[in-house]
Amino acid sequence: MVMDKISISTLGKFVGEEVTVKGWLYNKRSSGKIKFIVLRDGSGYLQCIYFKGNVSPEIFELADKLGQESSIAVTGKVKEEKRAPGGYELDATGLEVINEAIDYPITLKEHGTEFLMDHRHLWLRSSKQVAILKIRHRIVKAIRDFFDNKGFTLMDPPILTPAACEGTSTLFETPYFDLGKAYLTQSGQLYAEAGAMALGKVYTFGPTFRAEKSKTRRHLTEFWMVEPEVAFNDLNDNMDLAEEFLEYVVQTVISEMTEELKVLERDTTKLQKVKRPLPRISYDEAVEILKKNGVDFEWGNDLGGADETIISNEFDMPVMVHRYPSAVKAFYMKRDPENPKLALAVDVLAPEGYGEVIGGSQREDDFDALLKRIEDNELPREAFEWYLDLRKYGSVPHSGFGLGLERTVSWICGLDHIRETIPFPRMIYRITP
Ligand code: 4AD
Ligand code: MG
């Protein structure tokens with residue numbers, strides 16, 4: 001009996017049987033009496049072999065003439081073949097065309113980045129992009145598993161918000177009925193703090209937005225962030241959580257996504273070293289490293305992308321940099337009681353030049369100190385009344401951090417640019433497709 005809806009990844013269960021597999025023509029070649037079609041269906045790749053004697057002349061000719069990305073249904077007998085991609089081959093007897101693709105624009109030769117980005121909707125079908133999407137999915141699952149297994153509750157914050165969270169210079173605004181303006185959220189953190197006071201341990205995980213005016217390989221205008229927030233955690237607890245989390249995500253992905261990492265030709269030697277404890281250095285020590293490397297860096301400035309690379313090159317693991325000057329950090333961060341010029345902040349810098357993947361802090365939990373910070377930053381108090389309430393009714397020390405999903409995908413996959421880590425990237429100069 002011919003069965004339908006069999007995916008390539010499950011063919012091992014059908015050795016010796018005749019099956020029909022539906023998918024797209026990825027590649028083909030021919031050598032005299034034999035035609036080869038490589039079929040892809042998203043779950044894998046399958047080499048289908050048409051012998052001249054085994055099929056009708058029409059099918060034999062069709063196997064030769066069909067264009068790349070034509071959608072087809074292939075029928076044949078499953079054979080084990082160690083050398084074939086995926087380990088199986090199809091001794092094909094049937095070929096049915098669902099939709100013929102003529103002149104598919106992305107051939108298997110090299111194309112320029114802009115061309116590929118313009119055809120992102122089609123580019124997603126290539127083997128490298130499929131591998132990245134699968135790794136992204138596995139990273140998302142590892143993130144959720146980690147927090148779910150530790151008793152965190154997932155909490156979804158709003159995307160339309162009344163105010164800035166991470167500085168007013170990167171806000172996207174939109175008119176909002178009679179209420180004036182709304183802003184696309186830069187971070188779910190402030191809402192996660194309310195959640196932590198209700199549920200103890202929460203995480204938010206969703207899209208966040210920054211009107212980044214810089215064109216870099218690390219910035220998107222729309223990206224996904226996961227943000228845990230924990231009541232009663234101080235900065236040290238926060239760093240403990242961050243390193244355990246990073247180790248779990250990286251180790252899970254490299255042990256389970258070996259095939260996809262191979263497609264990307266990712267050398268995972270350095271990723272394998274991502275194990276607790278991660279090195280922890282203060283901002284002051286980071287400045288010393290910069291000076292030692294000949295950088296003319298002034299204490300008090302924020303670390304730029306190039307500085308982060310120099311610092312992380314001193315370590316073969318992600319490095320945690322803590323206690324930044326409060327002037328370069330967000331208003332909600334608690335000051336270091338031992339030195340009020342410093343914020344109880346931590347950034348985690350990934351190795352291999354990938355820069356900051358995590359930013360976090362202990363939060364200001366004192367009402368008066370937080371109010372002063374809001375005023376000093378000229379933020380509209382009305383929009384933060386609810387946030388101040390959290391410091392009025394049972395305020396406790398609490399901490400959290402945010403991990404950028406796309407920066408993490410870029411690092412784990414070893415990509416040159418963040419634009420390939422999300423299906424449809426949004427950047428200052430691109431909003432299509
Ligand atoms: O350091 P950030 O701005 O921190 C926050 O938003 C805090 N509210 C997080 C928290 O404490 N709950 O952003 C966190 C992370 C960065 O480390 C980076 O990985 C990523 O988000 N990120 C971006 N990723 C891609 N494109 C951008 N424009 C990004 N901006 C930040
Ligand atoms: Mg940051």
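Biologist: Where is Pro433 found?

Modeller: Pro433 is in the segment after helix 13, which covers 405–413. Keep in mind that this is a predicted model.

Biologist: And what kind of peptide bond joins Thr432 and Pro433?

Modeller: Start with the general idea: most peptide bonds are trans. Here, a cis peptide bond joins Thr432 and Pro433, with omega at about -5°.

Biologist: What is omega about for the bond that joins Arg276 and Pro277?

Modeller: About -10°, and that peptide bond is cis too. To find Pro277, go to the loop between helix 8 (269–272) and strand 12 (280–282).

Biologist: Okay, on to phi. How do I read the phi of Asp103?

Modeller: Again, the general idea comes first: most residues other than glycine have a negative phi. Asp103 is not a glycine, yet its phi is positive, about 55°. Look for Asp103 in the loop between strand 5 and helix 2, the helix at 113–118.

Biologist: Strand 5 brings me to sheets. In which sense do strand 4 and strand 5 pair?

Modeller: In general, strands of a sheet pair through backbone hydrogen bonds, either parallel or antiparallel. Strand 4 (residues 71–80) pairs with strand 5 in the antiparallel sense, over ten bridges. Lys79, for instance, stands opposite Glu89 in strand 5.

Biologist: And how many bridges link strand 3 and strand 5?

Modeller: Three, and this time the sense is parallel: strand 3 is residues 45–51 and strand 5 is residues 88–99. Glu89 of strand 5 turns up again here, standing opposite Gln47.

Biologist: What is the order of the open sheet of three strands?

Modeller: Read it as 7-9-8, with antiparallel pairing. The edges are strand 7 (160–161) and strand 8 (173–175), and each of them pairs on one side only. Take strand 7 and strand 9 (residues 181–184) as an example: they pair in the antiparallel sense over two bridges. Across that pairing, Leu160 stands opposite Leu184 in strand 9.

Biologist: Now the ligand. Where does ligand 1 sit?

Modeller: Ligand 1 sits in the largest pocket. The elements giving two or more residues to its shell are strand 11 (222–231), strand 17 (355–362) and strand 18 (398–404). Strand 17 provides the largest share, five residues.

Biologist: How many residues surround ligand 1?

Modeller: There are 24, and the closest are Glu166, Gln189, Arg210, Glu227 and Glu356. Sorted by class, the shell has eight nonpolar, eight polar and eight charged residues.

Biologist: Which side chain has an N or O atom 3.1 Å from a nitrogen atom of ligand 1?

Modeller: That's Glu212. When you read polar contacts, look for pairs of N or O atoms within 3.5 Å. Another case is Tyr332, where a side-chain N or O atom lies 3.3 Å from a nitrogen atom of ligand 1. The backbone can take part as well: a polar backbone atom of Ile358 is 3.5 Å from an oxygen atom of the ligand.

Methods. Residues are numbered from 1 along each chain as its sequence is written. Chains are lettered from A and ligands numbered from 1 in the order in which they are written. This is a predicted model: local features need pLDDT of at least 70, side-chain atom pairs count only at pLDDT 80 or more; totals for chains, interfaces and linings use all residues. Side-chain values use heavy atoms; hydrogens and water are left out. A residue is near a molecule or strand if one of its heavy atoms lies within 4 Å of it. A polar contact is a pair of N or O atoms within 3.5 Å; within protein, one must be able to donate a hydrogen and the other to accept it, and residues adjacent in sequence count only if both atoms are side-chain atoms. On a 1 Å grid over the protein atoms alone, a cavity is a set of points where a 1.4 Å probe fits but cannot get out, and a pocket is an open set with protein on both sides within 12 Å along at least five of seven lines; lining residues have an atom within 4 Å of a point. A molecule sits in a cavity or pocket if more than half of its atoms lie within 2 Å of its grid points. Helices (H or I, at least four residues) and strands (E, at least two) are DSSP runs, numbered from the N terminus. Ala, Val, Leu, Ile, Met, Phe, Trp, Tyr, Cys and Pro count as nonpolar, Asp, Glu, Lys and Arg as charged, and the others, Gly among them, as polar. Two strands pair if DSSP finds at least two bridges between them.
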